[in-house]
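Colleague: I would like to go through a structure feature by feature. Please give the general idea each time, then the case at hand.

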Amino acid sequence: MGALQAEIERRGERIFDLVDRHPEPLFSKAGFYQRMMALSMRDEHFKVQLFRFVDVLASLHRGTDIVQHLDQYFADMRNGYAPLIRTGVRAAKIVPWISGQFLRWNVSGMARQFIAGRNPQDVMKTLRKRRAQGIGFTVDLLGEAVVSEQEANEYATRCLELLEHLGRETRGWTDPLGKNAELFPVVNLSVKISALYSQMNPADPADAIVHLAPKLRPILRRAQELGAFVNFDMESYAHKNATLELFRALFTETEFRNWPHVGIVIQAYLRDAEDDLHDLLDWGRRRGTRFAVRLVKGAYWDFEKIKSRQNGWACPVFLQKPESDLNFELLTRIMLENESIVTSAFGSHNVRSIAHAQALADQLGIDRGRFEFQLLYGMAGPVKRALVEMGYRVREYSPVGELLPGMAYLVRRLLENTSNEGFLRAKFSENVSESELLREPADLIAEGPNGARHVEVSGDGASLDTPPGDTYENAPLVNFVYQQNQDRMRQALEHVRTQLGQKYPLIINGEKVWTDKTIASINPSFPDNVVGYVAEAGIPEAERAVKAARDAFEKWSRTSFETRCRLVERAADIMHRRRYELSALEVFEVGKAWAEADGDIREAMDFCRFYAHQMRLIGRPRLTQHVLGEESYQHYWPRGVAMIIAPWNFPMAILCGMTTAALVTGNTVIMKPAEQSAVIGAMLMEIFEEAGVPPGVLNYLPGKGSVMGAHLVDHKDIDLIAFTGSREVGLRIWESAGKTREGQRELKRVICEMGGKNAVIIDADADLDEAIVDTIYSAFGYQGQKCSACSRLIILKEIYPRAMERLLNAAASLRVGNPEEPGITVGPVIDGTAYKRILEYIDIGKNESRLAFQRADVPQKGFFIPPTIFTNVSPKTRIACEEIFGPVLSVIRARDLDEALEIANGTEFALTAGFFSRSPANIERAKAEIVAGNVYINRSCTGAVVGRHPFGGFKMSGGGTKAGGADYLLQFVVPRVVTENITRHGFAPETTPQYRDEFLPPR
């Protein structure tokens, strides 16, 4: 054992000794709260339901609603406490107005365990008590979820008011420790940066700084005048880099450069925390003035893990708690070794971490008065008391705010208290031995194959973990949190800009074909800029393409499925290599924002890999039944020549998805992209040529849908049509395909995906922080030009006033502009025709309903439509029934859930729908009753992921097929069964293989 470890153990034992002199349960408030937490630690299902009930309670106002939710969350408990819980629920139903308030009072008590006061006046009572105990404070204003600039401005005002109140009420107070007081002002304010700007985007930290700095400067100036300390809190990983950049930028400014009473948080659970700390220290030396760092483990572990797994990113946090503990100790050493420039605040309840900081500081000769320990209000009271008794400075992190805005903070604290790996639970609830609690973290890190030590991370934040065997896994989205990814996108935009205006030929039978006419693809942000000129196919070129595809079909249809799978997988690899270039092209050609463009390229890659994976599952003939003496194998043959007609709104993903499905199943393809996105179509053709597609198997044929497209739809040698687009065109194709032409060989198969009039319902108990953000994105992301976009918002009357206030303010805060700029949400609509049509619908809406909001400051050049919201909308009006395909939202007020569902289901479409609620019963009802192909609960109704959310609708939204689903490839093939009598003279094999090799002709 080393000297440092021995000293850590000695100090840790001293702390435990002092703690044991004043024993206290883990949860200092006894009764209801203590019993609930104890049960949560024994039963994971109960814990989940309890935390969800706590989360919704603040939004429930009637006793009957509270009791209903209690029943829905706890009636199905199956643990040993189930009879007691069910009895309690039955009793609560008898007098709900009394029991509801009793439950609210108890849960409010849970909140008061962690929230120091409702307002500045209330919190002073707590701070005075702590002062008498020798404990300082940092006050944090709750309410981090802002959806609009109005809410952000209100938060800034409240911060100033809180600062003024603290300064006034603590006049005459002195530092509890009494030495080195010049480093530790009495008044200490913690500020949540994300609460000061509603439009923070990881891709655009510069924009965040431009908007945040003017809001922070008045707070900082007043803090200077009052002699107060200001600390920048650190929240989710997405905002980390912007927060660090903001901190450095502000405190390098002349008026703040020499001010030492500023600090920022470093989260030890982050893998890149050490790099961030070194960068801060280098900056601090250049600045030449002390600053503070509050070192914490981190409070968003569950969120970061979930978010990274959903998006295919390497998890930014360590996956084992001992790794975070070990990193905390490493960072502690770095901070203390740089004590000349940084004032250290160690935020931890872990006695091992605390004792390590004490022992190391002593070893380095640092006076205990030159750093401090920070602990959370309502937690680890005995540890705070012990530290004060040992002569250390202790500061309590004291949140202030009402229950509703404090709910997210409360749930994080509950998770922390009941975590299986939490120190407080181990010490105060499970009585783990002191020697075990003081062990070196390095000894506790698992070395197994799933250990976090073995997670590979690439420089751009993508996970390098590969799935085992033939398991399909989505490509990761580009994580624009990382500077290098932002730089790569900017470089790609500049590169593609130099390529604009080129000419692109048709590709027929592997040959470049030029025609007399060209299609000019324009930039919708700057209509004078031509993205490219594409040769326009006419009927003669269409006939050539059909012949080429028909001639190539015989060989391609008999090519092994593995060869076809490898082709489309090579195409995905090429897309990955050219990912930023392709995304940049989408920004120019169809006006997609950075993340939207990247999402489209990711989806195209996913289609390639997913359909290859699915083809391998269905490619081999499969035994239908095991019958002695006979074998019957079912397999699939391609249909023939496929005509692919794609839209412009997902110009790479949908075109690639339909084309890949046709190719991998053995069909030959005539690929017609939308005229507005024909250059992206040319890029896809180029990609497949590089991947090695044989001549005639894939033919690139842009042209006018009304001429060349209509001719091919009616053509006798087209066996299959895969179409995604408008209802008007889709119905014409469906009708035409039903007619049999002279010489036609096959009944035409039509795969038809059309539009939607998608509704989102906000239930009375919905979490508006989520509902408003997701609805705004669903309605106005990519200018509402998604078939899945929300165009009808149905709000229940109980929540209508508050929801509308927040919705309108959120819409007013959206960033509208040129999508070349990172962080833009609303760009231009696709072309002049769409621009004119949407404006006509807005005029119709003004006559049919009330114009509640229309953005005024949109760019004058380009096809920019202002985000528009109508209220007082009748469900039967044109704007509530017809697809507009633009940034126009109709809001409908519903009496109750019955009426809301009736309205949602009352159109001719059935594509997507959304439902926001925290009522388990209502959620189950929505799952069962909403009429749509894709129903999304408590999330955006856009953004389907291949394989995860098979996408497609019915009624007038499509034929019921599911792109990106397990059964999609079956639309492109015909089933065939081959049966052989394998009995010879009364003898037959006992077993028959489940699968056999393909039926292919001899080479």
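Colleague: Which residues point one way from β6, and which the other way?

Modeller: Bear in mind that this is a predicted model. V342, S344 and F346 point one way from β6, while T343, A345 and G347 point the other way. Both sets are buried. The strand spans residues 342–347 and is mostly covered, with six of its six residues buried.

Colleague: In what sense do β5 and β6 pair, and over how many bridges?

Modeller: The general idea is that strands of a sheet pair through backbone hydrogen bonds, either parallel or antiparallel. Here β5 (residues 291–296) and β6 pair in the parallel sense over six bridges. One place to look is V296, whose bridge partner in β6 is G347. β6 also pairs with β7 (residues 371–376), again in the parallel sense, over four bridges. G347 comes up here as well, standing opposite Q374 in β7.

Colleague: What do β6, α14 and β7 make together?

Modeller: They make a right-handed β-α-β unit, with helix α14 covering residues 351–363.

Colleague: What order do the strands have in the open sheet of three strands?

Modeller: The order is β14-β15-β30, and the pairing is antiparallel. β14 (622–623) and β30 (973–981) are the edge strands, each pairing on one side only. Between β14 and β15 (residues 630–638) there are two bridges in the antiparallel sense.

Colleague: Turning to helices, how far does α28 reach from its first C-alpha to its last?

Modeller: As background, an α-helix has 3.6 residues a turn, so residues three or four places apart point the same way. Helix α28 (residues 768–780) has 13 residues and reaches 17 Å, close to the 18 Å expected at 1.5 Å a residue.

Colleague: Which residues in α28 are buried?

Modeller: They are L768, A771, I772, D774, T775, I776, S778, A779 and F780. The elements that cover the buried residues of α28 include the strands β21 (758–762), β22 (790–796), β24 (868–871), β25 (888–894) and β27 (912–916), together with helix α29 (800–812).

Colleague: What is there to see at the start of α28, and what follows α28?

Modeller: At the start, a side-chain oxygen of D767 comes within 3.0 Å of the backbone nitrogen of D769. After the helix comes Y782, whose phi is positive, near 50°.

Colleague: Which other residues have a positive phi although they are not glycine?

Modeller: In general, most residues other than glycine have a negative phi, and most peptide bonds are trans. Among the exceptions, A380 has a positive phi of about 55°. A380 lies in the loop between β7 and α15 (381–389), and is buried, with a relative accessible area of 7%. K955 is another, with a positive phi of about 50°. K955 is placed in strand β29 (residues 954–955), and is partly exposed at a relative accessible area of 36%.

Colleague: How many salt bridges does a search of the whole structure find?

Modeller: Side chains of opposite charge can pair when their charged atoms come close. The search finds 68 salt bridges. One of them joins R128 to E169, with the closest N and O atoms 2.8 Å apart. R128 lies in α7 (residues 120–132) and E169 in α8 (residues 149–169), so the pair ties together parts that are 41 residues apart in sequence. R128 is partly exposed, at a relative accessible area of 40%, and E169 is partly exposed at 29%.

Colleague: Are K240 and D272 buried or exposed?

Modeller: Both are buried. They form a salt bridge whose closest N and O atoms are 3.4 Å apart. The pair links distant parts of the chain, K240 being in helix α10 (residues 240–250) and D272 in the loop between β4 (262–267) and α11 (273–287), 32 residues apart.

Colleague: Where do R609 and D573 lie?

Modeller: R609 is in helix α23 (residues 594–618) and D573 in helix α21 (residues 561–577), 36 residues apart. Their salt bridge has its closest N and O atoms 3.1 Å apart. R609 counts as partly exposed at 24% relative accessibility, and D573 is partly exposed at 45%.

Colleague: Which residues do salt bridges that share partners join into one network?

Modeller: That network consists of E7, R10, R11 and D362.

Terms used:
Residues are numbered from 1 along each chain as its sequence is written. This is a predicted model: local features need pLDDT of at least 70, side-chain atom pairs count only at pLDDT 80 or more; totals for chains, interfaces and linings use all residues. Side-chain values use heavy atoms; hydrogens and water are left out. Buried means under 20% relative accessible area, exposed over 50%, partly exposed in between (1.4 Å probe, protein chains only). Two strands pair if DSSP finds at least two bridges between them. A crossover is right-handed if, with the strands pointing away from the viewer, the path from the first strand over the helix to the second runs clockwise. The expected span of a helix is 1.5 Å times one less than its number of residues. Contact means heavy atoms within 4.5 Å. A polar contact is a pair of N or O atoms within 3.5 Å; within protein, one must be able to donate a hydrogen and the other to accept it, and residues adjacent in sequence count only if both atoms are side-chain atoms. A salt bridge is a side-chain nitrogen of Lys or Arg within 4 Å of a carboxyl oxygen of Asp or Glu.
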